[in-house]
Structure formats: structure tokens, C-alpha cells
Amino acid sequence: MAGIVGLQEQIAAMMRCGASVDQVESELIDPCELSSDQKAALWLYAWSSMARKEQRNQATRYLLNVGPG
């Protein structure tokens, strides 16, 4: 589990420096050899580091990309 904690710390540092969730995902989370559940948890951690308004905006963009249905 130390690997997850280390990644969590790296995510926090990246987010403090202004990285986007997409950047954290592509540069840090995707390349890791972790389970999909672990990657999802790390992504959610990064997403939770954004300002609430930006979370809403990003969620809305994701919903629009999914399309009707």
C-alpha cells in the first residue's frame, strides 16, 4: 500500500502546482501497474483536489461527452 500513498502524495503535489486531472491521469495514473479500482481511486483523489466549481464544470463536460441515453 506504500505505493498508493506515494502516488497520492505525487498527485497532491501536481495538483498544488496547477496540473489538471487529465494531466495527472496521463502522466501518473495511467502508466502505473495498478488495478482499475486503484486507478479509479487515485483519479477520484485528484478530482477531489479541484475547486468545487471546476469539479462541476468538468462533470458537466464528461456528461456531454457521454451523449444522450
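This is a predicted model: local features need pLDDT of at least 70, side-chain atom pairs count only at pLDDT 80 or more; totals for chains, interfaces and linings use all residues.
Residues are numbered from 1 along each chain as its sequence is written, and side-chain values rest on heavy atoms, with hydrogens and water left out.

Two aromatic pairs were found in the structure. Rings of Phe, Tyr and Trp (the six-membered ring for Trp) pair when their centres lie within 6.5 Å; planes under 30 degrees apart are stacked, those over 60 edge-to-face, and the rest tilted. Tryptophan 43 and tryptophan 47 make a stacked pair, with 6.3 Å centre to centre and 10° between the planes. The two residues are four apart in helix H3 (residues 36-48), so about one helical turn separates them. Helices (H or I, at least four residues) and strands (E, at least two) are DSSP runs numbered from the N terminus.

Tryptophan 43 also pairs with tyrosine 62. This pair is tilted, at 6.0 Å centre to centre and 45° between the planes. It links distant parts of the chain: tryptophan 43 lies in helix H3 and tyrosine 62 in helix H4 (residues 52-66), 19 residues apart. Burial was classed by relative accessible area: under 20% is buried, over 50% exposed, and in between partly exposed (1.4 Å probe, protein chains only). Tryptophan 43 is partly exposed at 21%. Tyrosine 62 is partly exposed as well, at 30%.

Helix H2 (residues 21-29) packs against H3 at an angle of about 145°, with the axes 10 Å apart. Axes are lines fitted to C-alpha atoms, for helices over the stretch in contact; angles run from 0 to 180 degrees between N-to-C directions. The crossing of H2 and H3 is right-handed. A crossing is right-handed if the near helix is turned clockwise from the far one by less than a right angle, and left-handed if anticlockwise. From H2, Val21, Val24, Glu25 and Ile29 meet Lys39, Leu42, Trp43, Ala46 and Trp47 of H3. Contact requires heavy atoms within 4.5 Å. The residues of the H2 and H3 contact comprise seven nonpolar, no polar and two charged. Here Ala, Val, Leu, Ile, Met, Phe, Trp, Tyr, Cys and Pro count as nonpolar; Asp, Glu, Lys and Arg are charged; the others, Gly among them, are polar.

Glutamine 58 lies in helix H4 and is buried, with a relative accessible area of 5%. Neighbours within four places in sequence aside, glutamine 58 contacts Val21, Asp22, Trp43, Trp47 and Met50. Leucine 64 is also placed in helix H4, but is exposed at 67%.

A disulfide was defined as a pair of cysteine sulfur atoms within 2.5 Å. The count by this rule is zero. Cysteine 17 is in no disulfide, as the nearest cysteine sulfur, that of cysteine 32, is 18 Å away. Cysteine 17 is exposed, at 72% relative accessibility, whereas cysteine 32 is buried at 18%.
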